[in-house]
Amino acid sequence: MNINNLDIGQKVKVLKIEGRGAEKRLFEIGIMEGAELQLITRHPFKGPLVIKVGNANVALGRSIADKVKVEAV
Amino acid sequence: MKIIAIGNPNVGKSAVLNRLTGSQIFVSNYAGTSVETCKTKMIIAGREFYIYDTPGVYSIFSVADEARVVRELLEEEQADIILNIVDASNLERNLVLTNELLTLGKPLIILLNQIDMVRSLGMNIDVKLLAQRLGCLVIPFSATSGEGFFEFIKTMEEYIGPKNISKTDHNDKNRKTYTINLNSEHNCSGNCFRCSDHTGDCMSEADLQRAEEARRTSKMVSKRVSARQKMRLDKIERIYDRPVLGSFLLLIIAYLGFYTLLKFIDLSEGPINMLLHPLGLFIETFIENILPVGWLSSIFAKAIPEGLIIPFTIIMPAMLVVGFFMAILEDTGLLPRYSVALERVGSLFGFSGQGIIPLAIGFGCRTPAIVASRIMPNQAQRFIVVTLLSIVIPCSATLGVLAAVIAAFNASLPVIIGTMLLVFAILSSILSRLIPREEYIYELPPLRVPLISNVINKTNMRFTGFFTEVLPLLLVMNIGIRMLMDSGALEYFRGMDGFSRALFGIPAEALVAVLITIFQRYLAPIVLINLPLTSREATIAIAMIALSLPCLPAIVMTIRELGLKNLVKIIAMGLATSFTVGFLLNLLLP
């Protein structure tokens, strides 16, 4: 399961991040293995997702969101 | 005594420094505004302290521009103290950076900002325990209420006094430290155990350890003590973060800003002209009196008063209104929300969504649009937006004149509009391919009520360049152009009729009009009106003019915002576009 498949408001834990490249930028913003996330909104027309990490809201493009594998908590 | 302030984006770092020093530092509410570092002086107990403000970074070892700036500053300026500004309401992530800073082995003071926010979240942070775990001083702080200010001053007094911070047991001597090595390849942190290829965006074992450490510390020191209080802006934030309704509200705000801008320029033009007219007359007589009668005198007497009109009637109001609106959008935290709402549209053209805003402003006037291009996340994206603005987007003045000329010659409107749309599509796709797009990761700051003093400071700071850079530059360029026009250099091109007709299918006079766009884009079509052109010739000439070069004020703003080198690139692309369009239309049109 990745963040794209979540329901609005669903809380999850990051299992792993697939592929290299944006791994470091995600890590810096707090999205790493074991981090807890919550999906806040999903913009239409395959627009960005807004997720909550810690106490911060972060917008992610769909392609990068696909790489974040999560499991339900 | 040098203090370097470092913190994550959106922690309210500049607001903290504003509170500490009371000075005019750029204060911003979205990731990555203060790309430049700035320095302010503060006097405590008779000693001078210089505080360096730095752009927000998530990691000092990151490959991002901001992190590079911070590393350079740390290397060049031998800082006495690092002031780490931490967002207490987002402790875990902020502590990752703190853990990095601790490895530098410099005296570190932590300002735990937004401590009031933590309380309204119903949390409590054990400051003593945090200080113990990190082995450095921690001062709870609030930039909004001023809490912690006196404790900071006291700490500084102690620092310069006999009891030196670095000598107290707060700084753990046994900690393993590293020095930043800028010379290491790709700016890698150098303490990597995991990867063998130093690509710069690799994550090291040390990174993971620091994150793990931050998580443990954050869990240990934070405790929930009461229920989360409802915050004033919670509700509004939830509305703005709803995709459809939020985007709609954002567009209404953008429209209001756009409307105010045009109205302001429109309304201010009369009074400003009224003031300028006598001034112009005075300058004219003054120059004629001091300079000997002749070519030089007549050029200066004409060019200087003329050169005052555009900066005062268009650029000054544009810089003020756009500066003010951008300050409000930044300080409320609305600006990043534009980026998210418009991301899809922007990606069609190869830039971040907020690029739509300067392009939309460009249909009104290109000068404020170039100022507004600052909302783009980096220089490469700004370049794309400014290039499109300069070459393709017709401003309202251009549109008006173009429409008049099209009507006068019965030129083909569908061909001209079709060509413009096509050029826009081709140019943006070429530019976006040249400049790779990063994965879209963007932090949204919480909505805040802007501090009026910050908004005024920012508008003021963005406007300061008007008298020192914009006005002198425009005056000099205006004089240069007058000289060029009066010297008859353009006459030379009139002899190139054969060349012009063969290549573009238009007479040489029309080609001269195209070249005039370099100076005044909306003057060029007027030159066309007086020529005996066929409808086909007019269609080609108008398309060439519509897709050529930025006007003089836009040129000056581009130099100011992007530098001369980028302007040269844009002008070269503009000329290439214009000539290609003329050449192709001549081939294709019946």
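Glu509(B) is found in helix α22 of chain B, which covers residues 508-516; helices (H or I, at least four residues) and strands (E, at least two) are DSSP runs, numbered from the N terminus. The model is predicted, so local features need pLDDT of at least 70, side-chain atom pairs count only at pLDDT 80 or more, and totals for chains, interfaces and linings use all residues. Residues are numbered from 1 along each chain as its sequence is written, chains are lettered from A and ligands numbered from 1 in the order in which they are written, and side-chain values use heavy atoms, with hydrogens and water left out.

With a relative accessible area of 33%, Glu509(B) is partly exposed. Here buried means under 20% relative accessible area, exposed means over 50%, and partly exposed lies in between (1.4 Å probe, protein chains only). Not counting residues up to four places away in sequence, Glu509(B) touches Arg494(B) and Leu531(B), where a contact means heavy atoms within 4.5 Å. Leu531(B) is 22 residues from Glu509(B) along the chain, and the C-alpha atoms of the two are separated by 7.6 Å.

Confidence was examined for chain B through pLDDT, the predictor's confidence in each residue, from 0 to 100. The mean pLDDT of chain B is 80, and 88% of its residues reach 70 or more. Over residues 26-34 of chain B the pLDDT is below 50, although this stretch has 40 contacts in the model beyond near neighbours in sequence. Residues 179-187 of chain B also have pLDDT below 50, and this stretch has 16 contacts beyond near neighbours in sequence. Where pLDDT is low, the predicted coordinates should not be read in detail.

Side chains of opposite charge can pair when their charged atoms come close. A salt bridge was counted when a side-chain nitrogen of Lys or Arg lies within 4 Å of a carboxyl oxygen of Asp or Glu. By this rule the count comes to 14 salt bridges over all chains.

Arg210(B) forms a salt bridge with Asp207(B), and their closest N and O atoms are 3.0 Å apart. Arg210(B) and Asp207(B) are both buried. In the other pair, the side chains of Glu213(B) and Arg216(B) meet in a salt bridge at 3.7 Å, N to O. Glu213(B) counts as partly exposed because its relative accessibility is 26%, and Arg216(B) is partly exposed at 42%.

A further salt bridge joins Arg501(B) and Glu537(B), with the closest N and O atoms 3.1 Å apart. This pair links distant parts of the chain, 36 residues apart: Arg501(B) is in helix α21 (residues 497-504) and Glu537(B) is in helix α24 (residues 535-546). Arg501(B) is partly exposed, with a relative accessible area of 41%, whereas Glu537(B) is buried at 12%. Salt bridges that share partners also join Arg133(B), Glu213(B) and Arg216(B) into one network.

Chain A has two helices and five strands, and from the N terminus on its elements run β-α-β-β-β-α-β. Of the 73 residues in chain A, 53% are buried.
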